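Subject: Structure for your review

Dear colleague,

Please find below the structure that I am handing over to you.

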Amino acid sequence: MQLPYELMLGWRYTRAGRATRRNGFISFISGVSMLGIALGVAALIIVLSVMNGFQKEVRDRMLGVVSHIEIFAPGGNALPDLNRTLAEVRAHPQVVGAAPFIASQALLARGEDMKGAIVRGIEPALEPEVTDLVVGLKNSGLAGLVPGQFGVILGGELAQSLGVREGDVVTLIAPSGQVTPAGVVPRLKQMTVVGTFDSGHYEYDSALVLMHEADAARIFRLEGPTGIRLKLKDLHQARKVASELAQTLTGDLLIRDWTRQNKTWFSAVELEKRMMFIILTLIVAVAAFNLVSTLVMTVTDKRADIAILRTLGASPQSIMGVFMVQGAMVGVIGTLAGLLLGLGVAFNIDVIVPALEQLFQASFLPKDIYLISRMPSDPQSADIMPIAIISLVLSFLATLYPSWRASRVNPAEALRYE
């Protein structure tokens, strides 16, 4: 099949300078433009993939402690009809696990040390249905939570700050006091540490206290669980499922999904990701518009060729098409090279980063400082496709003006001094 001569000439001009020294500088500028586009595209893919990886890693660790959806009674009171509410939520096709809980706040004391704590009363038999925290439990784990024995499992950071370990006794101070003839006296309870956990999220490791639901109800004087925690098949459907449950559940209940519990953090990450996309896109734009100078130089160098083509019957549109093909070739090759480089690094960053750390004898993510000690990466097509499209569009736009100028070359003027 005979290819259009515009395509053949455009490809030939893209390779200009390989065989002739006269056009070597033009070829060099064209190569620099191609390399700039490739590096810009690769940088965008790598940065967004790493940001996606960090977001996914932190989200997964967070959801090891926080459930997908929480249903609770207003004012911290006990649920009016626990069994009916459990039956209604389990009837939803997206719900794969449900467990009651009691949530409250208290002070935890050990000697002169005192720390604020988030107390969560759980049902050990049902808790594994809604959280992966049980995987991170040490020592005796959930089996040590026996009703009536007042055992607690502390976050690792909280236990370390209080200087306690398994078997030690701590004092839990409830927020509401007990009225006596001498006045209001804080309610204190001696609790035995039966284990610790490490969720990988400092906010919870430094404040969360787990105990049996029955013990929590006695300490905080509640008639039953204050809420129900749910686990879904698809965590990304949490907001939709929460909206559906709000319309179907019986009674005056409050519903909160995991995206609302940590809305500020996720909003900050999304904003940062969006800003990084805009900033790095400017790199691609600068590289793409280097094509303008490349094509202008090519048009100036090929004025005689353009004039000859015009005298042979080539239309201005054909001349414009030749140089648009040249610019588009640079954009396509640069974009494809950037995609290959970016995806290659993104999918192998777990190998590349340790190699660089060993080479430079440095640690990019020290374990004692950062939440995550390895560089995560999660390339997503929703990021990669817009990057490729934007790169190609910018490259195409950069070819329009020089190509139009080429189509306006006057053959007589161009051949006057030839």
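This is a predicted model: local features need pLDDT of at least 70, side-chain atom pairs count only at pLDDT 80 or more; totals for chains, interfaces and linings use all residues.

Residues are numbered from 1 along each chain as its sequence is written, and side-chain values use heavy atoms, with hydrogens and water left out.

Overall make-up. The protein has 14 helices and 11 strands (DSSP runs numbered from the N terminus: H or I of at least four residues for helices, E of at least two for strands). Of its 418 residues, 45% count as buried, meaning under 20% relative accessible area with a 1.4 Å probe and protein chains only.

Largest pocket. A pocket here is an open set of points on a 1 Å grid over the protein atoms alone, where a 1.4 Å probe fits, with protein on both sides within 12 Å along at least five of seven lines; lining residues have an atom within 4 Å of a point. The largest pocket has a volume of about 460 Å³, the volume being the space filled by probe spheres set on the points, which are joined across faces, edges and corners. Of its 19 lining residues, Glu 70, Ala 103, Ile 118, Arg 256 and Gln 261 are the closest to the centre. Strands S1 (69-72), S2 (95-110) and S3 (113-122) and helix H5 (202-205) each give two or more residues to this lining, and S2 supplies the largest share, 4 residues. By class, the lining comprises 9 nonpolar, 6 polar and 4 charged residues (nonpolar: Ala, Val, Leu, Ile, Met, Phe, Trp, Tyr, Cys and Pro; charged: Asp, Glu, Lys and Arg; polar: the others, Gly among them).

Second largest pocket. Its volume is about 290 Å³. Among its 15 lining residues, Gln 55, Arg 59, Trp 258, Phe 266 and Glu 270 lie nearest the centre. Helix H9 gives the most to this lining, with 5 residues, and the lining divides into 2 nonpolar, 6 polar and 7 charged residues.

Helix pair. Helix H9 (residues 263-301) packs with helix H11 (residues 316-347) at an angle of about 145°, their axes being 11 Å apart (axes are lines fitted to C-alpha atoms over the stretch in contact, and angles run from 0 to 180 degrees between N-to-C directions). Leu 291, Leu 295, Thr 298 and Val 299 of H9 make the contact with Phe 323, Gln 326, Gly 327 and Val 330 of H11, where contact means heavy atoms within 4.5 Å.

Yours sincerely

Conventions: Buried means under 20% relative accessible area, exposed over 50%, partly exposed in between (1.4 Å probe, protein chains only).
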